[in-house]
Amino acid sequence: MQITPFNTPLPVPKIQRPLYVKEGVAYYEVTMKQMYQKLHKDLPGTVIWGYQGIYPGPTFEVKRNQKIRVRWMNDLPDEHILPLDHTVHGAGVEVPDVRTVVHLHGARVRPDSDGYPDAWFTKNYQVVGPFFEQETYEYPNDMEATMLWYHDHAIGITRLNIYAGLAGMYIIRDEHEERLNLPKGEFEIPLLIQDRSFNPDGTFYYPAKPDDLTAPVYPSVIPEFFGDTILVNGVVWPYLEVEPRKYRLRLVNGSNSRFYRISLSNQQSFYQIGTDGGLRENPLEMKSFLLAPGERIDLIVDFSDLKGQTVVLKNRAPAPFPDGELPDPSTTGQIMAFKVTKPLTVKDTSVIPETLNKIDYYNENQAYIIRPLTLVHREDVYGRPIMLLDDLRWDDPITENPKLGSIEIWSLINISDDTHPIHLHLIQFQILDRQPFDVDHFNETGNLKYTDDRRGPEPAEKGWKDIVSANPGEVTRIIGKFQPYTGRYVWHCHMLEHEDQEMMRPYEVIPKMNVIQKLIQKIKH
Ligand SMILES: [Cu+2]
């Protein structure tokens, strides 16, 4: 199908308003609905699943330390709009096909509001998963100003629910950020980037099986999904008319499996001001950056010298990453266009401050434990490739159980061929370093023989992260403090096809067994 790029304007999702505010706590209700939505001028309407019936869902905008409550509701049809594989963990024929649960990605929340994959619910909560606890989730927002995103996390069908449209953005503001005088209002644009394919009738296309599958499973999950079009905020290759001035662009990669290596067509620099979990210490000038599935980046782009010009946001990351095919420059090699056609309405007084934030970096000597964890490639009973964390499956007993308040190093030993974007719930962590090792030697002996020196995180990765790209043949070390809640969370690969096929593990933050901790636990309950 011929879809012309840059002829449909970029939509910016509206801000979700609370139903009411009681004793300082805003209460929201959000319903997941099936709707038709026009995703490009050349496309007929597409059946989407959206929070409040729109794709992407409405954006939340909250203040730091102001608690909110959200009642998430499901008003979706009983049948899935995408090919559903019942052989995948948690998606058997014994459970309803259409199950949903919402995860606020990057947020520090209690386990009962985190969207545990088995805490799913169906329409009107008629059937609920074994870990379902409550209809209304509580978000304390006790985090630095940053952009999170919310999306579906139901066991075994996350790849399909997010693909259908269940994703939205969530912005936390604070006074410190406000004082920095960054571009704001209509000059601050959140951008949710996702790849999709379409059937000729305009419906979403998602493969019903891998091309090379011989086992009699139909529909069957696929190893990874890569679409042939790129959407931003639910529009294929949109354009945005901008003024010749500075803009703040807040990107999230909401794609199932696609990485992006992003640059501007005129080779102009960006200024990175933030990572997944907050502002950087200082702005970083750069011409391109990698954005893995689930990752966010906070940028300032200055269009002031580009009056009348059009610049295109380009992608040159191979799919699969890092050793797959390079994107076609005329299709998946482009993301959106900025047309600098609007006149300057008011003088641009926003700034790119020299100092943005103060970050306390962990020292590896503070770590209570170092956990070596392998990322491995295996086959399932149907001969399909699956990726595992520490060679264990979702249903295996919990092996990662950090003590509340303890600092840990997780050492990700990747012996597979893919870069896996690893995401931990509950915490924001820091990337310590990466180091290449001899994979064959490791496979034979179980011992690590390093082949080069450790190198620190990429400049754009310095700061608070909740996703880390673990490259093949490298040990990637992250450090984080497990707080402020105890209970069960998950860690997983954010390539959704991997996540749905066992590349996800529960972990549990356990209470510290000293007298004071015991007492606090008692008081809390
Ligand atoms: Cu993966």
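## Strand β29 and its partners

Glutamate 408 stands opposite glycine 480 in β29. Its strand, β25 (residues 407-414), runs antiparallel to β29, and 7 bridges join the two. Strands here are DSSP runs of E, at least two residues long, numbered from the N terminus. Two strands pair if DSSP finds at least two bridges between them.

Strand β27 (residues 430-436) also pairs with β29 in the antiparallel sense, over 6 bridges. Here proline 436 stands opposite glutamate 474. Strand β29 (residues 474-481) is largely enclosed by the rest of the structure, because 7 of its 8 residues are buried. A residue is buried if 20 or more other C-beta atoms lie within 10 Å of its own, exposed if 12 or fewer, and partly exposed in between, with C-beta atoms placed from the backbone.

## Basis of the model

This is a predicted model: local features need pLDDT of at least 70, side-chain atom pairs count only at pLDDT 80 or more, and totals for chains, interfaces and linings use all residues. Residues are numbered from 1 along each chain as its sequence is written.

## Domains

The domain assignment gives domain 1 (20-177), domain 2 (185-339) and domain 3 (364-524). Such bounds come from an automatic or database assignment. The centres of domain 1 and domain 3, taken over C-alpha atoms, are separated by 25 Å. Between them, 15 residues of domain 1 are in contact with 18 residues of domain 3. Contact means C-beta atoms, placed from the backbone, within 7 Å.

## An open sheet

Four strands form an open sheet in the order β4-β9-β8-β6, with mixed pairing. Strands β8 (residues 146-152) and β9 (residues 167-173) pair in the antiparallel sense over 6 bridges. Leucine 148 stands opposite tyrosine 170 in β9.

## Core and loop

The largest nonpolar core has 128 residues. Such a core is a set of buried Ala, Val, Leu, Ile, Met, Phe, Trp, Tyr and Cys residues joined through C-beta atoms within 7 Å. Leu291 is among those with the most contacts inside it. Beyond neighbours within four places in sequence, leucine 291 is in contact with residues including Phe259, Tyr260 and Ile297.

Aspartate 323 lies in the loop between β21 (310-315) and β22 (334-339). Aspartate 323 is exposed, because 11 other C-beta atoms lie within 10 Å. Leaving aside neighbours within four places in sequence, aspartate 323 is in contact with Pro318 and Asp417.

Note on methods:
Contact = placed C-beta atoms within 7 Å.
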